[in-house]
Amino acid sequence: MHLAQILVRIPENASADQIAEREKRAQSVLQQAKSGGDFAKLSASFSDASEALAGGELGWRTPERLPKLFLDGVANLTPGQVSPLLRSAIGFHILKLVGKRDAVKSAASAPAVQQTHARHILIKVNQAVPVNEARRKLTELKQRLDNGAAKFEDLAKLFSNDLSASQGGDLGWLYPGDTVPEFERAMDALQPNQVSEPIESPFGVHLIQVLERKTDEVSQERQRSAARMAIREIKIEEATQDWQRQVRDRAYVEFRTDEK
């Protein structure tokens with residue numbers, strides 16, 4: 001399942017009035033989301049989750065990588081729908097089911113997934129190269145590709161800031177979850193040999209080309225690696241939330257007024 005969430009956090013040791021105020025706030029956000037409000041913008045404005053600025057995106061996750069609360073909350077949803085308000089120990093959650101797909105099973109019941117062979121050109125964003133400049137440059141490169149004036153691998157070798165540049169931008173075969181959500185969404189929308197428009201991600205701005213796709217069984221080592229990654233993600237999220245609570249508890253704010 002591909003999920004996004006908005007979290008309205010409850011302060012540690014919150015009073016009944018504080019909990020009621022946060023629930024009222026969460027209900028207001030839920031109403032906006034159910035009324036057609038832009039979920040990503042609502043997340044950026046109201047969510048206390050670490051992925052808020054990324055539109056609340058959790059990316060594609062298998063059921064074992066999601067809390068039972070989330071699974072129950074989206075069990076009856078169809079893609080595009082928003083869950084009712086969910087209460088956990090840390091606050092109130094609003095979930096959106098962005099997408100849903102079934103894993104294909106082989107005759108031996110081994111899990112199989114769609115893999116994508118892709119390549120990209122990455123221009124990293126920094127003070128010297130702002131995002132608008134990176135977009136402009138990649139738009140020019142795409143025009144050259146569309147006109148047949150250059151080959152993708154040659155442009156990647158010349159302009160890409162990624163380690164894959166020496167291989168013509170080739171990223172090899174990618175499984176779901178191997179890349180950041182912004183990259184994966186753009187890549188999944190492409191047909192073989194199609195080149196994307198410039199796409200922003202936390203790493204910079206990309207041009208992406210899908211070379212081919214296949215559905216293949218997931219090796220046992222890959223499954224073990226995915227399980228280790230899922231456990232690591234859960235531990236990181238728990239540690240992040242604990243650190244955030246400690247920072248808030250230690251925070252000291254002093255209000256001053258100018259004396260006349």
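This is a predicted model: local features need pLDDT of at least 70, side-chain atom pairs count only at pLDDT 80 or more; totals for chains, interfaces and linings use all residues.

Q: How many residues apart are Lys 68 and Asp 72, and which helix holds them?

A: Both sit in helix H3 (residues 68-74), 4 residues apart, which is about one turn of the helix. Lys 68 has a relative accessible area of 60%, so it counts as exposed, the cut-off being over 50%. Asp 72, at 49%, is partly exposed.

Q: And which parts of the chain does the pair Asp 188 and Arg 101 link?

A: The side chains of Asp 188 and Arg 101 meet in a salt bridge of 3.9 Å, N to O. Asp 188 belongs to helix H6 (residues 181-188), while Arg 101 is in the loop between E4 and strand E5 (104-105), and 87 residues separate the two. Asp 188 is partly exposed at 32% relative accessibility, and Arg 101 is partly exposed at 38%.

Q: Where do Glu 197 and Lys 142 lie?

A: This is another salt bridge, at 3.6 Å, N to O. Glu 197 lies in the loop between H6 and strand E8 (199-201) and Lys 142 in helix H4 (residues 131-146), so the bridge ties together parts 55 residues apart in sequence. Here's a detail to check on screen: Lys 142 has a relative accessibility of 10%, so it counts as buried, the limit being under 20%.

Q: Which residues do salt bridges with shared partners join into one network?

A: Glu 133, Arg 136 and Glu 140.

Q: Let's turn to a strand. Is E1 largely enclosed or exposed?

A: To read a strand, check burial residue by residue, then look at each face. For E1, 8 of the 8 residues are buried, so the strand is largely enclosed by the rest of the structure. Both faces are covered: one side carries His 2, Ala 4, Ile 6 and Val 8, and the other Leu 3, Gln 5, Leu 7 and Arg 9.

Q: Which strands pair with E1?

A: E2 (residues 57-60) runs antiparallel to E1, joined by 3 bridges, with His 2 partnered by Trp 60. E4 also pairs with E1 in the antiparallel sense, over 8 bridges. One of the partners to look for there is His 93, across from Leu 7.

Q: What should I expect of nonpolar side chains in general?

A: In soluble globular proteins, they tend to be buried together. In this model, the largest nonpolar core has 14 residues, and Ile 6, Phe 39, Val 82, Leu 85 and Ile 94 touch the most other members. The elements giving two or more residues are strand E1 (2-9), helix H1 (16-34), helix H2 (39-46) and strand E4 (91-99). H1 supplies the largest share, 4 residues.

Q: What is Ile 6 in contact with, leaving aside neighbours within four places in sequence?

A: Val 29, Phe 39, Leu 42, Ser 43, Ser 47, Phe 92, His 93 and Ile 94. Apart from this core lies another of 12 residues, including Ile 123, Leu 155, Ala 156 and Leu 207.

Terms used. Residues are numbered from 1 along each chain as its sequence is written. Side-chain values use heavy atoms; hydrogens and water are left out. A nonpolar core is a set of buried Ala, Val, Leu, Ile, Met, Phe, Trp, Tyr and Cys residues joined through side-chain atoms within 4.5 Å. Buried means under 20% relative accessible area, exposed over 50%, partly exposed in between (1.4 Å probe, protein chains only). Contact means heavy atoms within 4.5 Å. A salt bridge is a side-chain nitrogen of Lys or Arg within 4 Å of a carboxyl oxygen of Asp or Glu. Two strands pair if DSSP finds at least two bridges between them.
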